[in-house]
Amino acid sequence: MFNSLSDRLTETLDALRGKGKLTEADIAHAMRDIRMALLEADVNFKVVKDFVAKTRERCMTAEVLESLTPAQNVVKIVLDELTELLGATESKLVLSNRIPNVIMLVGLQGSGKTTAAAKLAYLLKKQGKSPLLAACDVYRPAAADQLATLGAEIGVPVFKGDGTHPVAIAQGAVREAVDTMKNVVIVDTAGRLQIDEAMMAEAVEIKRAVKPDQVLMVVDAMTGQDIVNVVTTFAERTDFDGVIISKLDGDARGGGALSVRAVTGKPIKFASVGEKPDALEVFSPERMAKRILGMGDVIGIIEKAQEMADAEQMAAAERMLREGFTMTDMLEQMRSVRKMGGMSKILSMLPGGQKALQQFGGAMDESIFDRNEAMILSMTKAERDRPGIINGQRRARIARGSGTTPADVNTLMKQWGEMNKMFGRMRSMANDMAGSKKNKRSKKGKRGGKLRMGGMPQMGGMDMSQLFGGASGLGGSGSDMDMLREMERRLKG
């Protein structure tokens with residue numbers, strides 16, 4: 001998402017970082033580059049003009065030009081203005097005490113309303129809600145069947161009604177929700193290839209009939225400049241409350257999404273970044289701005305990991321620290337990475353990750369997970385629990401059983417060995433920490449044995465600054481490091 005824009009802006013800001021002191025000419029040149037980058041990304045011209053003007057004005061102050069780190073100040077200003085452009089603060093979906101709550105989706109045909117409805121239902125279900133989907137698109141062939149299929153995949157019922165009258169279907173869905181104890185109704189309305197009076201009148205009529213608590217407009221990120229006319233018309237007629245940006249992963253430019261908030265004043269509430277039901281993310285302007293500027297979204301990775309960390313996984317982590325890392329543990333870790341979206345998804349959320357992904361042609365080869373899984377499943381239970389017993393003869397047998405080569409098995413064993421060493425170092429650190437705390441309690445008044453990790457959090461003796469900088473080729477700029485230090489501060493709480 002935003003790949004082209006991210007590349008251009010990162011290049012411009014990196015050029016500024018290479019200068020010890022900035023002149024007005026340097027700022028003017030950077031603003032021209034930023035303007036061209038935004039226009040090429042299909043951001044609305046008026047939005048670009050206002051953005052560049054405000055950014056230039058802030059950058060031209062003596063406080064910036066005469067500071068010791070002018071380039072970092074410029075980066076901070078661009079980040080602040082981009083965050084403001086995207087909405088400044090996160091706008092969450094607000095549901096009332098009414099039962100059922102009604103959420104109505106509007107938008108053009110092909111914008112992704114039906115899949116967005118299913119993804120929103122899945123998200124609300126994970127949050128403990130009991131949603132019902134209403135199939136009010138009676139014009140597009142098999143639209144109701146598509147919604148029913150998606151609903152069946154996520155375990156959410158779909159109300160079709162008589163299949164001919166959209167307003168009656170919406171009203172019937174509300175009654176059905178009351179009868180079946182569903183507390184949220186998501187109304188999937190019909191769209192057209194372009195705005196017309198019949199579509200707008202129907203949307204207004206459905207809104208008047210069911211009085212939705214939230215009206216969300218689904219906007220295709222690939223719409224481009226025309227997105228301004230579309231959202232303006234819908235804002236005037238339906239007065240929607242927020243926007244769902246769909247197909248954000250399918251457009252390298254994505255500039256249309258940057259125009260929505262500035263043109264309508266309506267917040268972007270969700271972004272759809274994939275085809276799976278869990279690919280709908282709550283939209284965070286600050287974190288999205290950081291990703292556009294190549295600073296990554298480390299907090300997003302942490303949140304995804306926390307979502308998956310159930311009690312059983314926490315117990316497994318404690319056991320690994322006590323007893324070591326087995327092949328079964330390695331298999332579970334690989335499956336967890338897949339659930340988080342794969343290595344390409346995780347890497348894209350790291351500082352400088354988008355640039356690193358370009359070295360892999362835009363995506364990493366995830367087939368290694370399939371090979372590793374096949375090799376691990378070809379091992380006996382004893383081999384998985386105690387990989388150290390795997391000798392040359394066993395490796396040959398595992399290779400034959402998994403359709404791989406002994407060299408592949410050797411590579412897997414090397415990876416396991418590195419992971420096992422890392423857990424060994426972490427175990428030592430945990431023991432040292434426990435000993436230090438005990439020593440501190442026994443020697444009050446003296447300097448205790450505080451575990452010192454330096455300026456960056458460490459993991460098994462590995463400085464996180466090495467992970468995101470130098471050796472890995474990921475980022476490593478002052479801004480990136482500042483962000484990671486802030487993450488460290490928050491985690492230490």
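Trainee: How many aromatic pairs does a search of the whole structure find?
Mentor: The search finds zero aromatic pairs; a pair needs ring centres of Phe, Tyr or Trp (its six-membered ring) within 6.5 Å, with planes under 30 degrees apart called stacked, over 60 edge-to-face and the rest tilted. This is a predicted model, in which local features need pLDDT of at least 70 and side-chain atom pairs count only at pLDDT 80 or more, while totals for chains, interfaces and linings use all residues. Residues are numbered from 1 along each chain as its sequence is written, and side-chain values use heavy atoms, with hydrogens and water left out.

Trainee: Which residue lies over the face of Y139, then?
Mentor: That residue is R192, placed 4.9 Å from the ring centre of Y139. The criterion is NZ of Lys or CZ of Arg within 6 Å of the ring centre and within 35 degrees of the ring normal.

Trainee: Changing topic, which peptide bond is cis?
Mentor: The bond from I99 to P100 is cis, and its omega is near 0 degrees. P100 belongs to the loop between helix 5 (70–86) and strand 1 (101–106). Helices (H or I, at least four residues) and strands (E, at least two) are DSSP runs, numbered from the N terminus.

Trainee: What is the phi of M181, and where does M181 lie?
Mentor: M181 has a positive phi of about 65 degrees, although it is not a glycine. It sits in the loop between helix 8 (166–179) and strand 4 (184–188).

Trainee: Is M181 buried or exposed?
Mentor: M181 is exposed because its relative accessible area is 71%; buried means under 20%, exposed over 50% and partly exposed in between, using a 1.4 Å probe and protein chains only.

Trainee: And what about the phi of K211?
Mentor: K211 is a residue other than glycine with a positive phi, near 45 degrees. K211 is found in the loop between helix 9 (197–210) and strand 5 (214–220), and it counts as exposed because its relative accessibility is 58%.

Trainee: Where does N410 lie, and how far is it from G392?
Mentor: N410 is part of helix 21 (residues 406–442). N410 and G392 are 18 residues apart in sequence, and their C-alpha atoms are 9.3 Å apart in space. At 36% relative accessibility, N410 is therefore partly exposed.

Trainee: Last one: what does UniProt list for residues 267–280?
Mentor: The unreviewed UniProt entry lists them as "domain: SRP54-type proteins GTP-binding"; positions follow the numbering used here, feature names are shortened, and annotations may be inferred rather than shown by experiment. In the model, residues 267–280 are 0% helix and 43% strand, with the end C-alpha atoms 16 Å apart.
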